Structures are given as structure tokens and as C-alpha cells.
Amino acid sequence: AGTTSDDLTVFVGGLSYATEEEDLRTSFGECGEVQAVRMLRGPSGNFKGIAFVAYKTLKAVRKALLRDGEEYNGWTIKVAKPQERNSEGAGKGKGQGKGKDKGKDKGKDRGQDLTAQTVFVGSLPPDTKMEKLKEDFIECGPVDCVRMVKDYDGHFKGAAFIVFKTAAGAKKALEWNGSFFYGSRAIKIAPARKGAEKSPKDDTEE
């Protein structure tokens with residue numbers, strides 16, 4: 001079978017809402033020559049944090065897929081083949097062959113509900129760094145990723161979602177609510193609402 005446009009395209013999710021197309025093209029151009037970049041936008045023109053990058057070679061696609069889970073502009077991004085991004089059974093059809101098991105594992109993670117492993121952290125100082133949060137909360141258990149909540153202009157809103165590798169880590173973090181301080185602030189730690197970490201408008205008071 002010949003190479004299709006889907007074979008040469010990667011899905012990029014979890015991007016900052018302030019991401020510029022030219023910056024994304026330049027960054028992902030490090031993996032190989034980019035044919036096109038498509039940014040998904042809402043009815044009002046606001047970027048939705050999702051893009052598709054089309055390459056000229058499969059080699060470039062393979063290099064881009066290695067960026068899955070990487071930090072980009074302060075956000076942990078997801079990079080996948082378009083047909084696998086919401087699949088729990090990635091590895092069927094086109095995904096077979098070399099790297100089949102790797103694709104299957106990644107697809108399984110993407111389809112998994114991680115709410116029980118995620119905590120919402122609010123009332124954070126405006127200068128809070130992602131690395132500092134991860135470093136502090138790793139005491140509760142291994143941290144998978146940290147999502148800093150930002151507005152459409154890319155400004156940090158004083159809140160974050162921390163995804164642990166286990167539900168036990170999240171449970172331990174919840175015990176810190178009200179007793180863990182950042183500077184003079186007692187930060188708020190609460191269970192994450194399902195799908196809440198995907199919204200740019202999460203309020204720290206919720």
C-alpha cells in the first residue's frame with residue numbers, strides 16, 4: 001500500500017492556547033520538512049490547543065512521535081498519529097509491524113480515564129514553576145505530568161493539574177490540602193473533575 005496523507009501527519013494536543021503557528025512549524029520542523037500546519041480553532045477564532053502537522057517523509061513523522069509527553073511552552077503535549085489519538089487499541093491495521101507494541105501502549109494510555117490519578121492545585125503564586133510543582137509533589141508518588149492552567153493569552157492562572165502515575169499518589173496529595181504552603185499561601189488541593197484539565201477557563205476557586 002502507498003503512503004497516505006494520514007501516514008505523514010501527526011496530531012499534537014495539549015498545546016498552550018497562545019501557541020503561534022509559525023513557532024509550532026519551526027519547532028516541529030526540527031524533525032523534518034513540514035508540508036503544512038493546521039491549527040484547530042473555535043467559532044470565535046480562539047485556538048483550541050490542538051494542531052495537525054503534515055510532513056514530507058515518514059522518517060520525520062517517526063521523529064515527531066518521539067516528542068509525545070514533552071514539555072512545550074510550559075505545557076505537556078501529546079503527539080500521536082491521527083488515527084491513534086483516541087484509540088485504546090492502537091496497533092491495528094496501519095500500526096502493525098515495527099513499533100507495534102509501543103503504539104499499543106501509548107494508545108491505551110490516551111484512552112484511559114486518569115481522573116482518579118489527578119489532583120487540582122489552586123491558589124498558587126503567579127510565579128510558580130512547573131518544575132518546582134513536580135519536584136514538590138513527587139513526595140506523594142511518581143508524577144506523570146503537570147498541566148499549568150493558562151488563559152487564552154498564555155498567562156498562568158494560579159492553578160494546575162498534577163497527574164500521578166497511581167491513584168495512591170493523588171490520594172496522598174489530597175491530604176496536603178490547606179497544610180502545604182507556597183510562600184505565604186496555603187494552596188488548595190482537590191480531586192480533579194473529569195475532563196476539567198482540558199479547559200483553559202478552570203477557576204481556582206472551584
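**Chat about a predicted model**

Modeller: The chain has 5 helices and 12 strands. Keep in mind that this is a predicted model.

Colleague: How many residues are in the chain, and what percentage is buried?

Modeller: There are 206 residues, and buried ones make up 45% of them.

Colleague: What share of the contacts join residues at least 24 apart?

Modeller: 64%, taken among contacts between residues at least 6 apart in sequence.

Colleague: Now the largest nonpolar core. Which members touch the most others?

Modeller: Leu 133, Phe 137, Ile 162 and Phe 164, out of 21 residues in that core. At least two core residues come from each of strand S7 (118-122), helix H4 (130-137), strand S8 (143-150), strand S9 (156-164) and helix H5 (167-174).

Colleague: Which of those has the largest share?

Modeller: S9, with 4 residues. There is also a second, separate core of 20 residues, and Leu 15, Phe 28, Ala 51 and Val 79 are among them.

Colleague: Back to Phe 137. Buried or exposed?

Modeller: Buried, because its relative accessibility is 0%.

Colleague: What does Phe 137 touch?

Modeller: Leaving out residues up to four places away in sequence, Phe 137 touches Val 121, Val 143, Ile 162, Phe 164, Ala 173, Trp 176, Phe 180, Ile 187 and Ile 189.

Colleague: There are aromatics in that list. How many aromatic pairs does the count give?

Modeller: The count comes to 7 aromatic pairs. In one of them, Phe 137 and Trp 176 have ring centres 5.4 Å apart and planes at 40°, so the pair is tilted.

Colleague: Where do Phe 137 and Trp 176 lie?

Modeller: Phe 137 is in helix H4, and Trp 176 is in the loop between H5 and strand S10 (181-182), so the pair ties together parts 39 residues apart in sequence. Trp 176 counts as buried, at 15% relative accessibility.

Colleague: Then Phe 137 with Phe 180: what is the geometry of the rings?

Modeller: The centres of the Phe 137 and Phe 180 rings are 5.8 Å apart and the planes are at 65°, so this pair is edge-to-face. Phe 180 also lies in the loop between H5 and S10, and the parts tied together here are 43 residues apart in sequence. Phe 180 is buried too, at 19% relative accessibility.

Colleague: Which residues do the ring pairs link into a cluster?

Modeller: Phe 137, Trp 176, Phe 180 and Tyr 182.

Colleague: How do S2 and S3 run?

Modeller: Antiparallel, with 6 bridges joining S2 (residues 34-41) to S3 (residues 47-55). Arg 41 has Phe 47 as its bridge partner in S3. The hairpin has 5 residues between the strands, and Gly 45 takes a positive phi near 95°.

Colleague: Which residue other than glycine has a positive phi?

Modeller: Ser 123 is one of these, with phi near 65°. Most residues other than glycine have a negative phi. Ser 123 sits in the loop between S7 and H4, and is partly exposed at 26% relative accessibility.

Notes
Residues numbered from 1 in each chain as written. Predicted model: local features only at pLDDT ≥ 70, side-chain atom pairs only at ≥ 80, totals over all residues. Heavy atoms only, no water. Core = buried A, V, L, I, M, F, W, Y, C linked by side-chain atoms within 4.5 Å. Buried < 20%, exposed > 50% of the residue type's maximum accessible area, 1.4 Å probe, protein only. Contact = heavy atoms within 4.5 Å. Pairing = 2+ DSSP bridges. Phe/Tyr/Trp six-rings, centres within 6.5 Å; stacked < 30°, edge-to-face > 60°.
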